[in-house]
Amino acid sequence: MTGPGSVKTRGSVAHLQGTHKVEAWIPGPNRRSPSGERVVGDLIEGLRSALADRYDVRREIGAGGMASVFLATDLRHERDVAIKVLLAAPSIDRGADRFRQEIRLAAGLTHPHILPVLDSGVYDADGPRFWYATPYVEG
């Protein structure tokens, strides 16, 4: 019998873990280091520093495998925005290309059910970190 707890499944998982090297560990908010410790602050502090003249970055509101989203205040227009930041790692060039394409495509869309891109850019934090801002919609 095979299943999540079976000897055969556990053996397959152990084999995969032993034969596949992880090329890059991507630190970011609400993520854990390889030792299991929660990593907090590096990404948000870098973002705050890079965008301090334009945005007051307050807190993380979402995270995925390739990006994190932060709640911020647009200082010029006094409005809440969501800032999406690519979690950069030196070996993820494809991810950066995909993220740049996402920004270009989203910036070109006009539809009542799609949030517009308000701003975008890149800052340096151990390599390029691409980001873009949209209106913040609670919920």
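Biologist: What should I know about the numbering and the confidence limits?
Modeller: Residues are numbered from 1 along each chain as its sequence is written, and side-chain values use heavy atoms, with hydrogens and water left out. The model is predicted: local features need pLDDT of at least 70, side-chain atom pairs count only at pLDDT 80 or more, and totals for chains, interfaces and linings use all residues.

Biologist: In what order do the strands of the sheet run?
Modeller: The order is β3-β4-β5-β7-β6, in an open sheet of five strands with antiparallel pairing. Strands are DSSP runs of E with at least two residues, helices are runs of H or I with at least four, and both are numbered from the N terminus. Two strands pair if DSSP finds at least two bridges between them.

Biologist: Which strands are at the edges?
Modeller: They are β3 (55–63) and β6 (119–124), each of which pairs on one side only.

Biologist: How many bridges link β4 and β5?
Modeller: Eight bridges join them, in the antiparallel sense. The two strands form a hairpin with four residues between them, and E78 in the turn has a positive phi of about 50°.

Biologist: And which residues are the bridge partners of V85?
Modeller: V85 is partnered with W131 in β7, and S68 has V85 as its bridge partner in β5.

Biologist: Changing topic, which residues have the most contacts inside the largest nonpolar core?
Modeller: They are L47, Y55, V57, F70, I83, V85 and W131, in a core of 15 residues. A nonpolar core is a set of buried Ala, Val, Leu, Ile, Met, Phe, Trp, Tyr and Cys residues joined through side-chain atoms within 4.5 Å.

Biologist: Which element gives the most to this core?
Modeller: Helix α2 does, with four residues.

Biologist: What does V57 touch?
Modeller: Not counting residues up to four places away in sequence, V57 touches I44, L47, R48, F70, L71, A72 and I83. Contact here means heavy atoms within 4.5 Å.

Biologist: Now T73: is it buried or exposed, and why?
Modeller: T73 is classed as buried because its relative accessible area is 17%; buried means under 20%, exposed over 50%, and partly exposed in between, with a 1.4 Å probe and protein chains only.

Biologist: Which side chain has a polar contact with that of T73?
Modeller: The side chain of R58 does, at 2.4 Å. A polar contact is a pair of N or O atoms within 3.5 Å; within protein, one must be able to donate a hydrogen and the other to accept it, and residues adjacent in sequence count only if both atoms are side-chain atoms.
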